[in-house]
Amino acid sequence: MNIGVGARALGMGGAQVSAVRDVTASYWNPAGLFGTTYKYEATLMHAEYFAGIAQFDYLAFTTPLKDQSQLAVSLIRFGVDDIPDTRFLYDANGALNYNNIQFFNAADYALLLTYARALSDKFKVGVNAKVIHRNVGKFASAWGFGLDVGGIYVHKRLTAGLMLRDITTTFNAWAHNADLVRDIYSQTNNEIPLNSVELTLPRAISSVSYFWTLGEKFGLTSALDLEMTFDGNRNTLISTSLLSIDPKMGLEVGFKNTVFVRAGISNFQYIKDFQGDRSLNFLPSSGLGFILNERIQIDYALSDIGNVSETPYSHIFSVKVSFEKLKEEDRKYKGWTY
C-alpha cells in the first residue's frame, strides 16, 4: 500500500494528494475523484520490481452516484510467484531429488471501496474502506481492515489536499500453519511462528499543487506532498521523536493537454558510508503521458527503487479508459480540471 499506483503519479514522485484528478484518486485521495470529467473511468497498471521478480498490478473503476457523490472500487496485488519449496528436496534415502521441488507464491492483495462527496464547489471529501489479504503459500495468511479519509480544497488554480491513511490503525491478523515447517525450523534452530497481529499506524499527508499557464499551448502542474508519521524517529529529511516528515515533489508539463512530460523526487534518506560520512539520497522518477483520443490515455513512468539490485529502475505502464463526458447538469457542484 505504500508503493503508489498509476504511472502518472509515480512519474511525479508520488506527489498526488492534491494533484490527482482521475480514477487513481481512490488510492491517493478519494476526494480527488471529483476531478474526473467522464461518467465512467477505469485504469489498469502493471509494473515489475527487482528485475522482474516481483509483480505489481492495479485495477480501478469509478462512476458518479447521483449529482453529489462518487463511487470507486480498486484492486491491488503485489506478489512474488514461483518460489521453490525445497522441504522435500532429499528423498527417504537421503539422495537429492529435484523432482520433489514444489512452488508457491507470496502475495499481498488490497480491495478498496471508495465513497466521495462534494460539499461545495471548493470542498470535496472522501473515505476508503480497505480489505487486506496476505498469503505466503500454504504456510501463512492474514486478513486486515482499515480506513482512509481525505479532503480537497480548490481555489482557482490552487489545490490543497489532506489524506489521513489508516486513520483507525489497520489490523492484519496472521494465521500460521506451523505444522508444515515445525520439523525444518527445529532442525535449523529457528523459532516456530505463532499467530499474531500486525499493525499499520496512522499517517497524515498534506499537499499543495498549482497549475501554471505557459503561453497558449503549455501548462505546468507543480505539486508538493509532506508525508507525516508519528511513531518516532525515521530516516527522513525531517525527523524528531514526535514527528517525521518525508517530502515528495513532482512536476508535469503538458502540451495542448495531450502530451505530458513528468519528473519527481521522493524518499529522502541519509545514508552513512564505511567511513562514517553521511550523505542525503533521494529517489528520482520521470514519465510520459499521451492522450490518444477522448477515451484512451497511456502513461509511462521510470522509477528508481534504490541500489538494491543491478537493475534498480522499474518500468511502469498504465492505461486509462473513459466513457461518456459529464455534462454540467450531472454535477450539483463543480469539479475541476486544468
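Which helix and which strands each supply at least two residues of the lining of the largest cavity? They are helix H1 (7–11), strand E16 and strand E17 (313–325). H1 gives the largest share, three residues. Helices (H or I, at least four residues) and strands (E, at least two) are DSSP runs, numbered from the N terminus. This is a predicted model, in which local features need pLDDT of at least 70 and side-chain atom pairs count only at pLDDT 80 or more, while totals for chains, interfaces and linings use all residues. Residues are numbered from 1 along each chain as its sequence is written, and side-chain values use heavy atoms, with hydrogens and water left out.

Stay with the cavities. On a 1 Å grid over the protein atoms alone, a cavity is a set of points where a 1.4 Å probe fits but cannot get out; a pocket is an open set with protein on both sides within 12 Å along at least five of seven lines; lining residues have an atom within 4 Å of a point. Grid points are joined across faces, edges and corners, and a volume is the space filled by probe spheres set on the points. Two cavities of 30 Å³ or more are present.

E14 gives the most, four residues.

Now follow E14 itself. Strand E14 (residues 259–272) pairs with strand E15 (residues 278–291) in the antiparallel sense, over 12 bridges; pairing requires at least two bridges by DSSP. Ser-266 stands opposite Leu-283 in E15. Five residues lie between the two strands of this hairpin, and Gly-276 takes a positive phi near 90°.

Aromatic contacts come next. The whole structure has 11 aromatic pairs. Rings of Phe, Tyr and Trp (its six-membered ring) pair if their centres lie within 6.5 Å; planes under 30 degrees apart count as stacked, over 60 as edge-to-face and the rest as tilted. The rings of Phe-218 and Phe-255 have centres 5.1 Å apart and planes at 50°, so this pair is tilted. Phe-218 lies in strand E11 and Phe-255 in strand E13, so the pair ties together parts 37 residues apart in sequence. Phe-268 and Phe-282 are also a tilted pair, 5.7 Å centre to centre with 40° between the planes. Phe-268 is in E14 and Phe-282 in E15. Phe-268 is buried at 7% relative accessible area, whereas Phe-282 is partly exposed at 41%. Buried means under 20%, exposed over 50%, partly exposed in between (1.4 Å probe, protein chains only).

Charges meet rings too. The charged end of Arg-165 sits over the ring of Tyr-27, 4.5 Å from its centre. The criterion is NZ of Lys or CZ of Arg within 6 Å of the ring centre and within 35 degrees of the ring normal.
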